[in-house]
Amino acid sequence: MSVHVSFDGEPERGVIDFGVGQPSADLLPVWLVRAASERFFAAAQPLELNYGEKQGDARFRAALAEFLTRAGGHEARAESLFLSAGISQALDFVCQRFTRPGDTVFTEDPTYFLAFQIFRDHGLNIVGIPQDGHGMDLDRFEQELARSPPRLVYTIPSFNNPTGQTLSHARRERLVALSREHGFIIAADEVYQLLHYAEPPPPALGTWVEHGNVLSLGSFSKILAPGMRLGWIQANADLIRNLLASGVIISGGNFNHFCSHIVRQMLEDGSLARLLAELRLKYASRADAMDQALHQHLGGIATWQRPQGGYFFWLNLPAHINAADLQVAAREAHTGFQAGSRCSTAGGMHNCLRLCFAFYTVPEIHEGIARLGQALNAAAR
Ligand SMILES: Cc1ncc(COP(=O)(O)O)c(C=O)c1O
């Protein structure tokens, strides 16, 4: 018997809402988590249900380091990894450990809109840096640096949410060098680093942790399941020492110890690596479908850069079309998206919108984009 499982942001029945930024049910591998749990419990030691190590279970970190290194472009050592409860929690923790209210954080503009509230929770001033097709524009970055030096730089270097853009290798090096020269900390959100559908992106910023003030934030949310609430921070010994000195870590140990035992099984037996290979193929076919459907139904009106990884298409509409208004027409046509203004640091980008292809199958993507085309054509008239 199938039971309805509700979740925040769940679309109404019959609505194909490309605003949802999560994997679809068929991509959530219950069978793998079940097999891994069975293997863990078959040999579980009582002490594995105790607090464990502050930085994260040593066997988990060793297995994760090997997985990341084998995955390519993501070399890691167990000593440089710190277990988190996913990137959102890690970002909040990083703000708590390294910033004070009134400090400035630089982000790409547009960026992951749910990060804004985390920065506001810590009283940070958000300064947006534009992207120019190759990620953050570092000339503009340096101009802002002279005006209002940041304490923190939040970047999504590979397959940015929402633009899909990737920071070039040369810019990664320059950004890390700037963090060393100017003393700011980079919080690199590398959630989509391993989800590439053609060429891999340049190496993760995590591979530069010894060359600057880099905290590389990783997560199992998009390569296994968001509900696991498990991730990691990769950093040099000095920055990890700071994380380990936190009261909550000293009191309770690492943030998701039990879950790390289950995920370790999947890292060790290669099932997570196989799942990742399958996910890349499935997401690639969904990205292809969205690209085709957009050409068919919105080709004359919208422009976009086809993403080579990650979850999103970022659409530019003619300047006179307001995406927030279009949302009303889209809802009537039983479809949806995120308005670009939500992702903009200054609430601009009114004629832009974000579409996620992860939550729907190929036929649903074709149907949803056809509906969006109808809504847009009606609005453009
Ligand atoms: C750029 C980005 N960062 C972080 C997250 C959330 O990560 P987590 O589930 O690990 O908190 C998402 C999820 O959509 C995301 O797109």
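Axes here are lines fitted to C-alpha atoms, for helices over the stretch in contact, with angles running from 0 to 180 degrees between N-to-C directions. Helices (H or I, at least four residues) and strands (E, at least two) are DSSP runs, numbered from the N terminus. The model is a predicted one: local features need pLDDT of at least 70, side-chain atom pairs count only at pLDDT 80 or more, and totals for chains, interfaces and linings use all residues. Residue numbers start from 1 along each chain, as its sequence is written.

Take helix α3 (residues 87-98) and helix α4 (residues 114-121): their axes come within 9 Å and cross at roughly 25 degrees. On the α3 side, Ser88, Leu91, Asp92 and Cys95 meet Ala115, Ile118, Phe119 and Asp121 of α4; contact means C-beta atoms, placed from the backbone, within 7 Å. By class, this contact has five nonpolar, one polar and two charged residues. Nonpolar covers Ala, Val, Leu, Ile, Met, Phe, Trp, Tyr, Cys and Pro, charged covers Asp, Glu, Lys and Arg, and the others, Gly among them, are polar.

On to the domains, whose bounds come from an automatic or database domain assignment. The protein chain splits into domain 1 (16-29 + 273-380) and domain 2 (30-271). Where they touch, 29 residues of domain 1 are in contact with 34 of domain 2. Helix α10 gives the most to domain 1's side, with nine residues. By class, that side has 17 nonpolar, eight polar and four charged residues.

Note on methods: Contact = placed C-beta atoms within 7 Å.
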